[in-house]
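Please consider the structure shown below together with its sequence. The discussion is intended to be read alongside both.

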Protein chains: 4
Amino acid sequence: MKEIGRVGFMEKPVPEPGPGDAVVRTTKALICTSDSHTVQGGIGPRQNLTLGHEAVGIVHAVGSEVRDFRPGDRVLVGAITPDWSDLASQNGHPSQSGAPLGGFKFANTKDGVFAEYFHVSDADGNLAKIPDGIPDEAAVYCADMLSTGFMGAEKGDIPMGGTVAVLAQGPVGMMATAGARLRGAGLVIGVESVPSWQKLARTYGADEIVDFTQEDVVERILELTDGQGVDTAIEALGADVTFQTAVKVTKPGGTVSNTGYFGEGEFVHIPRVEWGVGMADKTIASGLCPGGRLRMERLLRVLEKERVDPTLMTTHRFSFDEMERAFEVSDKKLEDVVKVLVGFPQ
Amino acid sequence: MKEIGRVGFMEKPVPEPGPGDAVVRTTKALICTSDSHTVQGGIGPRQNLTLGHEAVGIVHAVGSEVRDFRPGDRVLVGAITPDWSDLASQNGHPSQSGAPLGGFKFANTKDGVFAEYFHVSDADGNLAKIPDGIPDEAAVYCADMLSTGFMGAEKGDIPMGGTVAVLAQGPVGMMATAGARLRGAGLVIGVESVPSWQKLARTYGADEIVDFTQEDVVERILELTDGQGVDTAIEALGADVTFQTAVKVTKPGGTVSNTGYFGEGEFVHIPRVEWGVGMADKTIASGLCPGGRLRMERLLRVLEKERVDPTLMTTHRFSFDEMERAFEVSDKKLEDVVKVLVGFPQ
Amino acid sequence: MKEIGRVGFMEKPVPEPGPGDAVVRTTKALICTSDSHTVQGGIGPRQNLTLGHEAVGIVHAVGSEVRDFRPGDRVLVGAITPDWSDLASQNGHPSQSGAPLGGFKFANTKDGVFAEYFHVSDADGNLAKIPDGIPDEAAVYCADMLSTGFMGAEKGDIPMGGTVAVLAQGPVGMMATAGARLRGAGLVIGVESVPSWQKLARTYGADEIVDFTQEDVVERILELTDGQGVDTAIEALGADVTFQTAVKVTKPGGTVSNTGYFGEGEFVHIPRVEWGVGMADKTIASGLCPGGRLRMERLLRVLEKERVDPTLMTTHRFSFDEMERAFEVSDKKLEDVVKVLVGFPQ
Amino acid sequence: MKEIGRVGFMEKPVPEPGPGDAVVRTTKALICTSDSHTVQGGIGPRQNLTLGHEAVGIVHAVGSEVRDFRPGDRVLVGAITPDWSDLASQNGHPSQSGAPLGGFKFANTKDGVFAEYFHVSDADGNLAKIPDGIPDEAAVYCADMLSTGFMGAEKGDIPMGGTVAVLAQGPVGMMATAGARLRGAGLVIGVESVPSWQKLARTYGADEIVDFTQEDVVERILELTDGQGVDTAIEALGADVTFQTAVKVTKPGGTVSNTGYFGEGEFVHIPRVEWGVGMADKTIASGLCPGGRLRMERLLRVLEKERVDPTLMTTHRFSFDEMERAFEVSDKKLEDVVKVLVGFPQ
């Protein structure tokens with residue numbers, strides 16, 4: 001990203017690690033819709049900023065204080081790299097360390113991962129070794145997609161056998177669907193209109209699909225839940241209307257779990273009556289992708305034991321020198337793209 | 001309440017208890033702003049409905065299945081009388097039993113307590129004996145004011161020594177203030193403009209008072225918390241602007257706890273940016289006054305051990321035959337009224 | 001059960017329902033090891049008590065106050081039938097209503113389900129309709145096996161991708177294994193020595209099996225978790241030594257979740273050093289099988305959507321007139337029995 | 001501590017801070033019973049180890065990476081100084097970072113605070129500035145006594161208006177008593193036999209005192225709770241018999257919260273029957289004193305706003321050159337000592 005609205009290649013020096021840090025040589029990366037948000041100015045003006053926050057690679061160099069990682073280690077780094085001793089981290093919210101959303105550093109407050117080499121702060125706290133059985137192109141999904149999608153399910157406080165609606169089946173929504181299944185949901189309803197995405201959502205565990213272009217979503221979800229509404233509604237799009245639907249389809253005492261990034265408007269709107277005029281025990285939870293070594297190790301275990309196969313979401317593959325086209329496909333959502341995988345020269 | 005907008009006395013027969021129920025002879029009652037909402041049509045049209053949901057009295061009669069209560073017992077009944085075997089109750093949300101807000105029966109789906117006698121369903125589950133040391137005029141505050149205000153603090157998930165803002169210091173706000181202190185808050189900031197209410201709020205534990213007519217509330221609260229915002233913001237008014245302020249003054253990872261009834265507008269508005277674009281780990285909790293015997297027994301213990309003295313909120317006293325004037329004072333918020341206590345003939 | 005140590009058939013009249021109750025005509029039932037405990041005097045002396053607490057059937061009669069069930073409905077009833085308005089239920093612990101373990105009424109404080117007809121209190125709160133797609137012989141597993149086993153996983157507070165050990169793979173252990181998988185465990189280690197049970201445990205989701213007759217369980221589990229211990233250890237046997245192992249293999253900050261019934265000895269022993277001398281943030285949770293309509297409906301949804309197939313545990317089938325032999329097989333654990341299903345004449 | 005069983009003064013060089021660390025010049029310190037445990041060999045052999053973990057002082061020097069502290073700052077440091085990026089910290093259990101109880105470094109894995117200067121790792125994460133209104137001799141109580149005692153209350157999950165028993169009213173027990181009050185307990189029962197400690201316990205909020213030399217503790221606590229037992233029992237002694245009592249007096253569904261250090265025996269004993277044979281929903285929680293800047297800031301706020309005055313526990317004062325006598329008084333529990341404050345030369 002050269003400035004708002006303009007992207008392209010740049011030459012930059014290979015970064016140097018500080019005492020606790022590492023530099024990683026990128027092998028695979030994924031393009032995220034938030035990269036598009038960033039280019040459009042969603043997080044404010046940025047100049048000559050390297051984009052990208054989903055990557056795996058090989059450790060190239062480590063600082064003198066790093067204990068557990070060595071050059072040559074194959075590693076995953078979360079999209080979010082918290083400052084673990086910050087007050088927000090001590091408070092249980094590492095993604096908010098330093099500032100609101102402050103754990104989000106790559107392609108925000110420092111250069112991102114769409115480069116041959118990238119810098120990782122606090123290597124011992126933020127890297128995770130990739131077990132042998134997991135290929136790079138699977139592991140890279142843990143950085144953001146699994147972590148964010150699963151968070152939607154975890155914050156949704158799904159009871160065993162409970163009912164869940166996941167609103168929108170993009171890659172985060174699909175992983176929220178898989179996450180809802182992994183938390184023991186008894187009924188997972190996916191809302192989606194694109195046929196190929198609907199199909200993939202079913203593969204990831206949606207028991208029912210509601211197509212908002214064909215039917216009234218609120219009505220249909222109430223029908224599927226005997227008029228009660230769901231225990232948990234996961235917003236996985238970041239659209240005001242979807243958020244409103246989430247509130248409406250959640251039963252009294254249930255939880256709306258937000259994973260979406262809201263990029264527009266002064267307000268996000270809670271429908272007053274369906275929110276029970278503020279008194280129906282409906283909780284609205286929200287969060288930013290959890291990061292850190294422990295999180296990444298646990299997500300890698302989920303892959304290692306084949307609970308979920310995220311590589312089904314890889315609809316497009318490009319090499320790093322095709323990055324501009326790769327970005328265009330993701331940015332403009334061409335060809336029913338789900339996720340674009342970028343391979344780096346080795 | 002005879003119809004929307006019109007109140008007055010009516011003659012009705014003394015109710016009969018079903019097998020598990022009780023009939024209580026009223027001794028003291030409190031008037032609530034929700035009674036005004038009801039008269040204004042806030043819960044829809046009602047005809048010839050007895051108002052009132054905050055009362056204590058003497059058991060007059062019990063059904064054949066009632067185990068623990070006998071005529072002559074001095075008792076408290078919660079404003080909310082849940083159906084305890086309902087699915088919502090089994091789900092941990094008894095106030096939502098039967099329907100959204102369905103535990104709210106008095107002066108809603110059945111006659112209320114502004115009568116010489118009133119009916120209580122499931123006496124063993126919903127009544128509590130008043131210990132000898134607690135006068136009626138104190139115990140009656142447990143029915144709604146303590147239960148709702150404390151709920152605001154409890155759902156706010158206040159850390160020991162944490163920071164709390166309570167937005168508006170009406171009677172529920174004052175009890176939320178007291179509740180925040182009882183949960184171990186290290187700093188309680190009350191927002192209020194009426195001088196006599198400010199003073200009472202300090203008595204109930206507000207360490208700081210912010211007067212929204214004199215200063216910018218958001219700015220001032222951030223200043224009082226070293227720019228960080230509070231751990232918990234309790235909305236205790238039910239106004240959209242106050243709710244927005246609550247979101248703004250809450251730190252990332254903190255909780256907005258709503259106790260207010262929102263009576264107007266299609267939407268309640270979440271300020272998008274200050275909500276962290278949906279990603280700042282800010283939780284919005286909400287609820288309806290908890291009821292039931294266990295809750296009432298615990299609240300009575302709080303009074304018995306003199307943790308809080310709610311009778312300081314009694315600014316006005318009337319006898320039952322002055323009910324119309326009593327209601328007018330409460331309804332129009334005359335003479336800096338906080339709560340109006342109504343005594344019944346014995 | 002005629003008295004301690006003696007069982008046999010008896011004639012009793014068909015029970016009558018009270019106003020809120022139902023009488024159910026039994027179709028299928030399962031024999032439980034707790035039935036053996038009861039006969040051995042585990043819950044004290046009982047005379048002429050009908051045994052059994054796991055059953056499904058057809059509603060035969062309902063009381064006048066029952067709203068949602070009618071004669072002819074095919075229903076499941078939980079092994080535990082709480083008094084929903086009791087103080088323990090209001091406190092979130094319905095299985096403890098009335099008295100410690102007081103929700104356990106069948107074959108304890110009232111006649112059980114090994115009879116052509118049995119009585120269910122609070123039909124609306126304690127029965128659940130069985131969806132058409134689920135056969136009786138599957139649904140009957142929800143009453144206790146799924147509910148108890150899943151509880152072990154739920155109370156274990158398993159993090160997504162976390163590590164879990166389930167100590168003993170009897171039927172409750174197998175369902176705890178399945179439950180751990182349903183809660184998103186990344187590694188489930190089952191401890192078991194019987195080969196056929198090991199095999200079934202793998203089918204239900206054990207990633208690794210540790211045979212305590214072949215290796216040191218603590219050592220092996222530490223090895224499987226890189227020396228860290230598990231996030232959650234589920235005790236599913238009720239043996240002191242197993243409980244001790246559970247504490248030992250749990251990492252600091254982890255949870256020991258107990259589902260076992262401890263029938264012997266004055267004490268259950270916590271190994272002092274491995275418990276971190278009382279300071280290692282290890283939580284010991286415990287509980288009794290959750291019951292109630294909501295729980296049963298959720299468990300039935302788990303079966304309906306084919307998350308788990310409990311019928312694989314049915315190693316033996318008998319008709320009601322073979323009950324004595326059926327009980328003997330279960331009681332003496334003959335022929336690698338897992339569960340014995342009893343069919344009633346229709 | 002020179003070796004097990006022998007203490008005395010030693011000369012050591014003033015420590016140097018690493019890049020993120022600080023060196024603090026001690027002003028006030030408190031002696032803890034765990035110092036005695038250490039000298040007796042409770043944590044294994046140690047040689048020439050400086051004792052002490054409760055201190056405040058003035059920053060003497062900081063490393064180059066420290067952002068928020070400067071020489072001259074008056075500071076508090078928690079007894080526990082976690083490694084915040086460790087996996088246990090990421091898991092929400094910083095006191096267990098590095099190893100079980102690994103956050104406990106002072107006088108364990110590094111020199112303690114009974115010295116003119118001591119070293120603090122991760123200054124930004126582990127120090128807290130002391131507000132002007134709080135004297136050193138009050139602030140020093142936050143390091144361990146408030147943090148541990150309050151933890152007992154917090155982990156006890158006390159409901160608003162709930163019942164609590166605190167077993168033993170030593171300094172941690174007194175702060176657990178104060179903590180129980182700060183969490184909103186409606187009844188706090190302190191168990192203690194020493195008259196001067198009983199009196200102080202009442203000052204800190206014990207509503208009732210049970211003297212175990214005069215009456216049966218279990219019987220008396222059941223009597224005080226209408227036969228139900230308490231919601232929460234806090235073990236604040238570290239004795240097997242006290243722990244057993246805690247289990248016995250806790251109601252089904254309640255929590256035993258352990259703060260005590262268990263120094264003896266192979267096992268800690270759970271009374272089987274009173275634990276509900278493993279099925280009464282009684283949770284046993286445990287933990288080690290929480291540390292870190294956020295915790296210390298919150299505790300200081302509790303002092304600043306005068307919620308609790310810990311200085312009432314200071315029964316003895318000595319200067320640093322009287323350290324040997326000071327230690328003897330604490331170690332041998334002479335003269336009804338509660339806490340011994342040590343002043344350092346300035």
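The model is a predicted one, and side-chain atom pairs are counted in it only at pLDDT 80 or more. Side chains of opposite charge can pair when their charged atoms come close. With a cut-off of 4 Å between a side-chain nitrogen of Lys or Arg and a carboxyl oxygen of Asp or Glu, the count over all chains comes to 77 salt bridges.

Three of these pairs may be taken in turn. In chain A, the side chains of Glu328(A) and Lys332(A) form a salt bridge with an N to O distance of 3.2 Å. Glu328(A) has a relative accessible area of 30% and is therefore partly exposed, while Lys332(A), at 51%, counts as exposed.

In chain B, Arg67(B) and Asp124(B) are joined by a salt bridge with an N to O distance of 3.9 Å. Arg67(B) belongs to the loop between β2 (54–62) and β3 (74–77) of chain B, whereas Asp124(B) belongs to helix α3 (residues 123–126) of that chain, so the pair ties together parts that are 57 residues apart in sequence.

In chain C, a salt bridge of 3.0 Å, N to O, connects the side chains of Glu297(C) and Arg293(C). Why are Glu297(C) and Arg293(C) separated by about one helical turn? They are four residues apart in helix α10 (residues 293–304) of chain C, and therefore about one turn of that helix lies between them. An α-helix has 3.6 residues a turn, so residues three or four places apart point the same way. Both Glu297(C) and Arg293(C) are buried.

Salt bridges can also be followed as a network in chain A, where they link Arg67(A), Asp68(A), Asp124(A), Arg293(A) and Glu297(A).

Attention now turns to the interface of chain D and chain A. The contact involves 12 residues from chain D and 12 residues from chain A. Between them, the two chains bury about 1100 Å², of which 57% is on carbon and sulfur atoms. How many salt bridges are counted between chain D and chain A? The count is zero, whereas 10 residue pairs are found in polar contact across this interface. On the side of chain D that touches chain A, α2 (87–90) and α10 (293–304) of chain D each supply at least two residues. The most is given by α10(D), with four residues. Classified by residue type, this side of chain D has three nonpolar, five polar and four charged residues.

Terms used. Residues numbered from 1 in each chain as written. Chains lettered and ligands numbered in written order. Predicted model: local features only at pLDDT ≥ 70, side-chain atom pairs only at ≥ 80, totals over all residues. Heavy atoms only, no water. Buried < 20%, exposed > 50% of the residue type's maximum accessible area, 1.4 Å probe, protein only. Contact = heavy atoms within 4.5 Å. Buried area = accessible area lost by both parts, 1.4 Å probe. Polar contact = N/O pair within 3.5 Å; in protein donor to acceptor, adjacent residues only side chain to side chain. Nonpolar A, V, L, I, M, F, W, Y, C, P; charged D, E, K, R; others polar.
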